[in-house]
Amino acid sequence: MHIGLGFDTGGTYTDAVLMDMITNKVLQKSKALTTRDDLSVGIRNTLTGFDKKLLERVVMVSLSSTLATNSIVEGKGCRVGLICVGEEFEMSIPVDLHTTVSGGHDLTGKEMRELDEGSAKKFMSTLKDKVDGLAINSYLSVRNPEHELRLKKMAKDILDIPVVCGHELSSSLGYHERTVTSVMNSRLIPIIKELMDSVKRVMSEYGIKAPLMIVKGDGSIMSEDVALERPIETILSGPAASLIGAKMLTGKDDAIVMDMGGTTLDIGILRKGQPRLEKEGAMIGNRRTRVMAAEISTSGIGGDSRIIVNGSKFILDAVRVIPLCMAASRWPQLVFRLKETAETRTRFTPECMDVKNIVQDTEFFIKVKDLKNVSLSADDIALLDMISKEPFSLKEAGLKLNVHPFSFNVSKMEEIGMIQRIGLTPTDLLHAEGSYTEYEKTASIYAIAHQSQKMGMSDIEFIKFAKEKVTYKLAEELLRKLFFEETGSFESDVISLDLMKKAITRKDGLDYGCSVKLNKPLIGIGAPVSAWLPEVAGRFDSELLLPEHSEVGNAVGAVTGSVAESVEILLKPSVGENALDDPSCIMFAPFGRLEFEKLSEAEVYATEEGGKYVKERAEKAGAERVELRCVKVEKKVGLGEGYDGRVLIETIITVTAVGKPKQFEVRE
């Protein structure tokens, strides 16, 4: 039996599955809380209930993670040096040391200026012990990588640090985007290494001797060695794994996938069995990269989203909090405090504009970690000491410390990860109504009793009202994603918002109604989907698929993906020969710039050499039994009215190598 072990480290839970790699049958599965400070702890906890004899027979391990995405957004990473060639960088992303030297090429791949190797060498000599990685980006290196390759060889001789070139990460035009991508990549290298080292320690503890693979943002997988070179490609790894898992669990090649976890809702599209990719490159931390990743719509609505009653106003906030039911399972004393709150007559609370500063009697705080060099007030330090062992509300802390609850700067401490908020969530709604009761439901019931009073509702009315708000938000995010797929825009006006509201609520207006029908099945992935998606699918007359093991669908996707490497090769006819049947041309590829007397010869060369290039990369990424696929696209334009025929502008040849990951031999 060939057994694969898949992990997914999400914002709330870490999932694990053991799968038969031949039959794709799930043998065992588990979930554990994600431990953000040390992901290996959550990974280790998922394995405690697994059959150790099965673990010893694992032939491949694969991991999907939000670590790269979160690290970029949070500005974490190592020290990076940057060399720009031929063009200044706008410095839209911080680097530790940088320089610009003369050089670069033009659109035809010809050298614009001679490379200033002397200045580059002098700069490199200053980097020792000051940076942990080096990024090299030359102007229009995608048309000729010669200058980048020369500097990389020089850097390897001078420095003992990872070096990445812009053309190695992308073949698309866009100097600044390519530079951003290479800087991000260099910054991520030690972070991904630490993650993989942690996973391998856990593997060793359980006697697992198998290759470790990482899921890329396009849903394919790569070896740990390649991940260390190109960690930027792991951004959006988790959502991409959910798309692959959805396909594996349902057998559907065309579908809409909604992955709902505790922290976020991710929506993606499967087209012809593959995730739809973002052609311009993924947006991470409001910066455009040149990384090909699944086009995913992410919003802060999950099972652990914060529910607020501000005065008499209901708010569903994107901030993730620990559900009261879950917290009360760990700290039972919260039940008695919530009971006292529920039995106390609610008092008037002003409606604040900033939800971060809203103080609720049903919310508590617990200290998560200490951070150095953080400026805190005496009140904040006292609060941290008070909540270091058990949670307290701001009202309780204020009374004990004799300060006003608004005196604590909890929003700052929450943002930087020093404290964690505990509060009412959609998960608590399910516990209170009895449809899902994994944790201490009494805490949820008491919190809802308090909040329903503030809104002048019964508990049952409040639960129904709040669930409708959650359902509406999920349906709204789904429609926005589908509208974007059709129009390429997220912009909404008064009319479109009105049509969306009528389609979601299924309620007619004064003179007209509106309905939307999905023409693809909807697949739910994630633990909460069975509770929320049936109602969402019903609003759009959609077929809903909730496959067995959907709660660990991301981990399934992680272990069932294929290794894939692609190269895009551009062929441009020589000036004045566009209208000829077989013009001379120039080839632009990551492995060089070449001129050909005939386009037909260039196409053959590009296909053959491109195949060798991607096959080598795929095998390095951990593939075996590699298959090659080639797609040729010609871009032509008409000559205008009164002229016959069309002229060739360019030919793009895309060669892709696909293979299953190498596995260790089964040990009998």
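Predicted model: local features only at pLDDT ≥ 70, side-chain atom pairs only at ≥ 80, totals over all residues.
**Stop 1: Asn-144.** Select Asn-144, which sits in the loop between strand S7 (133–138) and helix H5 (146–158). Is Asn-144 buried or exposed? Its relative accessible area is 12%, and buried means under 20%, so Asn-144 counts as buried. The backbone oxygen of Gly-109 is 2.9 Å from a polar atom of the Asn-144 side chain.

**Stop 2: Asn-402.** Move to the loop between helix H13 (394–401) and helix H14 (410–415), where Asn-402 is found. Asn-402 has a relative accessibility of 71% and therefore counts as exposed. Look at the backbone as well: phi of Asn-402 is near 60°, a positive value in a residue other than glycine.

**Stop 3: Arg-506.** Next, select Arg-506 in the loop between H18 and S22. What is phi of Arg-506 near? The value is near 60°, and it is positive although the residue is not glycine. With a relative accessible area of 39%, Arg-506 is partly exposed.

Stop 4: Lys-507 counts as exposed because its relative accessibility is 62%, and exposed means over 50%.

Note on methods:
Residues numbered from 1 in each chain as written. Heavy atoms only, no water. Buried < 20%, exposed > 50% of the residue type's maximum accessible area, 1.4 Å probe, protein only. Helix = DSSP H or I, 4+ residues; strand = E, 2+ residues; numbered from the N terminus. Polar contact = N/O pair within 3.5 Å; in protein donor to acceptor, adjacent residues only side chain to side chain.
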